[in-house]
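Please read this short report with the model open beside you. It moves from a pocket to the cores and then to the whole chain.

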Amino acid sequence: MPREAEPSINERAFILEALRENIRLDGRALDAFRNIELSFGDEYGVVDVQLGDTRILARISATVTAPFPDRKFDGIFTVITELSPMASPAFEVGRQTETETLLSRLLEVALRRSSAISTESLCLIAGQQVWSLTATCHVLSHCGNLLDACNLAVLAALQHYRIPDVTVKGEEVIVHSVEERNPVPLAMLHHPLCVTLALFEGGEKVIVDATLREQQCCEGEVVVTANKHGEVVQIAKLGGVAADALVLLNCVDLAVAKVKELDTVISKALEKDARARDVGGLVAELRAENER
């Protein structure tokens, strides 16, 4: 089974010595993210996210299907991650690695189990037909911090997506095309974002958004998922060195502050895309009409 190339002894020693002096190889502060770029496709729900050299493509799709027997009033929401050799030689087609398994589980807790989307709003006819929403996350380039990049991409795609409008007549469901009716935004209850923190020097030194080399040299990782209101969804300690309770509390405080920054980045990107799509000024016209 292929493995990711490990840093050499000299490279590892250089990275660790630099961190002891609070220096990162790319010149960032210890608590700084790499440059974040979000671009939306022509279709709703397609997002290309670049976090430094890590690149993710997220796509949202929806189909009408039967609900689960024990969840008759809830729609279905699933998150799928796809890691291919194009992203890294360590990934193989058809063979799920430990990285992919861990990534899928953390994304599921962050987005699905935290009830980021109101699944009840996806119900069309109770016990018969519901929307099945699928978020597919394609990893195009792996240069560290996959979880934060994937979470950012999927959350931005969910906020950008517009689901087709429907008409229910008795037990008949009519799905309208874009030409017939404007699609509608998803009913989102909150916007959980993941922040991964790498631990060094026995947990005494914490850095945000570690590169692949920094992740390979770190002594452990802590994942904090929260929303912009400071509500913590999950705290995951991914093995490695034991972390003191005070260290974890500091990690949570730092992560909550970073979540607010990430949420602002997504909001600005969505506003920019909305202005680009609003060629005729229809949004401004409707807003002015509502104010009157």
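## The largest pocket

Four elements each supply at least two residues of the lining of the largest pocket: α2 (98-113), α3 (146-160), α4 (212-217) and β13 (220-226). Helices (H or I, at least four residues) and strands (E, at least two) are DSSP runs, numbered from the N terminus. The model is predicted: local features need pLDDT of at least 70, side-chain atom pairs count only at pLDDT 80 or more, and totals for chains, interfaces and linings use all residues. Residues are numbered from 1 along each chain as its sequence is written, and side-chain values use heavy atoms, with hydrogens and water left out.

A pocket is an open set of points on a 1 Å grid over the protein atoms alone, where a 1.4 Å probe fits, with protein on both sides within 12 Å along at least five of seven lines. Lining residues have an atom within 4 Å of a point. The largest pocket holds about 900 Å³ of space. Its lining has 27 residues, and T99, L102, H142, Q215 and E221 lie nearest the centre. α2 gives the most to this lining, with five residues.

## Two cores

A nonpolar core is a set of buried Ala, Val, Leu, Ile, Met, Phe, Trp, Tyr and Cys residues joined through side-chain atoms within 4.5 Å. Buried means under 20% relative accessible area, with a 1.4 Å probe and protein chains only.

| Core | Residues in the core | Some members |
|---|---|---|
| Largest | 68 residues | L133, L158, L186 |
| Second, separate | nine residues | L30, I207, A210, C217 |

L133, L158 and L186 have the most contacts inside the largest core. α3 gives the most to this core, with eleven residues. Contact means heavy atoms within 4.5 Å. Not counting residues up to four places away in sequence, L133 touches residues including I60, F77, L158 and L186.

Now take A210, from the second core. A210 sits in the loop between β12 (205-208) and α4. Why does A210 count as buried? Because its relative accessibility is 3%. The C-alpha atoms of A210 and F33 are separated by 8.4 Å, though the two are 177 residues apart along the chain.

## The whole chain

The protein chain has six helices and 14 strands. Its C-alpha atoms fill a box of roughly 70 × 45 × 35 Å, taken along the principal axes. Of the 292 residues, 45% are buried.

Conventions: Points joined across faces, edges and corners; volume = space filled by probe spheres on them. Buried < 20%, exposed > 50% of the residue type's maximum accessible area, 1.4 Å probe, protein only.
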